[in-house]
Amino acid sequence: MTVEALEVLKRDDTYIPSDGPHIAWEPCQFIDDIDGYTQRQSRGARLYLRDGRRTLAVAEVEGSRSTVIDVADEVSSQIGPWLATMRHLADAVALEGEADTLDLNIGHLVYHWEASQDMFVTAANHRLYDEEVSMAYRYEDLVRAVVPREDQRAHPLPEAAAMHSARLRQQAEGLRAQALLTAPDLREGPLPGVSWVGPYSRAKHKELRAFSESTWYADLPHQLLKGWKAADTAVWSAEERTGRRNALIRWAAARGLPKKVMADASGIARTTIDRVLTDKGTPA
């Protein structure tokens with residue numbers, strides 16, 4: 001797998017990224033809050049796992065340019081067995097992003113439509129009324145553009161939008177289940193090197209950060225844990241299932257994922273997670 005600098009892409013319009021999977025990187029600076037008054041600034045780079053022009057995952061590396069290139073070269077030789085899993089997770093993230101946008105747009109539609117209907121129109125506020133109606137139609141167009149026509153014909157638009165949003169989330173759940181089943185056996189060691197995260201929107205980034213400062217960086221094991229509920233783990237023997245589950249829990253804990261987040265994501269009992277993390281030598 002190749003390693004490419006995004007600096008080239010920015011400076012040369014004729015540059016075309018590799019069609020297949022590759023690692024791209026760009027230099028950046030990181031600013032960390034030490035306390036309420038002090039910040040630490042360090043240099044490094046963001047690594048992008050890309051499939052052609054599409055970004056599958058992002059990671060951050062601190063250090064000099066040569067350090068970053070060395071890490072990128074190492075990652076490029078190790079990431080191959082994880083590509084199928086990364087593609088499934090990126091697809092799941094994209095579907096959930098579509099569902100989030102749809103939910104937001106239908107919320108705006110209902111808000112502006114109800115505001116216009118509740119308004120007693122006078123000469124003084126007719127412009128405000130027109131603005132509310134215009135905004136309602138704008139969001140209605142956005143919603144109708146993505147909700148299947150057969151759903152729109154069979155149900156009121158808010159209900160049809162809710163159905164389609166639920167369908168997208170169910171598809172994302174299925175993709176995470178596939179990602180879990182196609183992931184390499186974590187008992188042989190988790191993905192080495194940098195901590196990969198999905199290409200989330202800023203809104204989703206903030207939501208993950210709300211759990212814990214470290215949750216964002218634990219995103220890959222977090223995503224796999226979210227696939228545990230829907231995965232058909234019967235394809236594994238009971239011993240293999242237990243071993244894989246325990247290895248995933250330990251990897252997520254090592255990345256800083258809080259136990260509550262692990263339990264909420266996977267449906268695995270908190271007592272089981274506690275037992276796995278307490279007794280690292282034997283299966284739970």
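At what angle do helix α3 and α8 pack, and how far apart are their axes?

Analyst: The model is a predicted one. In it, helix α3, which spans residues 83-117, packs with α8 at an angle of about 80 degrees, and the two axes are 11 Å apart. Angles from 65 to 115 degrees count as roughly perpendicular, and α3 and α8 are therefore roughly perpendicular to each other. On the α3 side, the contact is made by Thr85, Met86, Leu89, Val93 and Glu96. The residues that α8 contributes are Leu220, Gln223, Leu224 and Lys226. By class, the contact of α3 with α8 divides into 5 nonpolar, 2 polar and 2 charged residues.

The buried residues of α9 are Thr242, Gly243, Arg244, Arg245, Asn246, Ala247, Leu248, Ile249, Trp251 and Ala252. As for its length, α9 has 17 residues and reaches 24 Å from its first C-alpha to its last, which is close to the 24 Å expected at 1.5 Å a residue. After α9 comes Gly256, with a positive phi near 95 degrees.

Helix α9 (residues 238-254) and helix α11 (residues 270-278) pack at an angle of about 80 degrees, their axes being 10 Å apart. That angle makes α9 roughly perpendicular to α11. Arg245, Asn246, Ile249, Arg250 and Ala253 of α9 meet Thr272, Ile273, Val276 and Leu277 of α11. The contact of α9 with α11 has, by class, 5 nonpolar, 2 polar and 2 charged residues. Arg245, Asn246 and Ile249 take part in this contact, and these three residues are also listed as buried in α9.

Just after α10, Gly267 adopts a positive phi of about 80 degrees.

Two further sites extend the picture. Asp151 lies in helix α5, residues 149-154. Since buried means under 20% relative accessible area, Asp151 counts as buried at 9% relative accessibility. The side chain of Asp151 makes a polar contact with the side chain of Arg167 at 3.0 Å. With its neighbours within four places in sequence left aside, Asp151 is in contact with Ala160, Met163 and Arg167.

The other site is in a strand. Ala59 belongs to strand β4, residues 54-62, and is buried, with a relative accessible area of 1%. Ala59 and Trp196 are 137 residues apart in sequence, yet their C-alpha atoms are 4.7 Å apart in space. Neighbours within four places in sequence again left aside, Ala59 is in contact with Ala45, Arg46, Leu47, Val194, Ser195 and Trp196.

These details belong to a protein chain with 11 helices and 4 strands. Of its 284 residues, 43% are buried. Among contacts in the chain between residues at least 6 apart in sequence, 61% join residues at least 24 apart.

Key: Residues numbered from 1 in each chain as written. Predicted model: local features only at pLDDT ≥ 70, side-chain atom pairs only at ≥ 80, totals over all residues. Heavy atoms only, no water. Axes fitted to C-alpha atoms, helices over the stretch in contact; angles between N-to-C directions. Helix = DSSP H or I, 4+ residues; strand = E, 2+ residues; numbered from the N terminus. Parallel < 35°, antiparallel > 145°, perpendicular 65-115°, else oblique. Contact = heavy atoms within 4.5 Å. Nonpolar A, V, L, I, M, F, W, Y, C, P; charged D, E, K, R; others polar. Buried < 20%, exposed > 50% of the residue type's maximum accessible area, 1.4 Å probe, protein only. Polar contact = N/O pair within 3.5 Å; in protein donor to acceptor, adjacent residues only side chain to side chain. Expected span 1.5 Å × (residues − 1).
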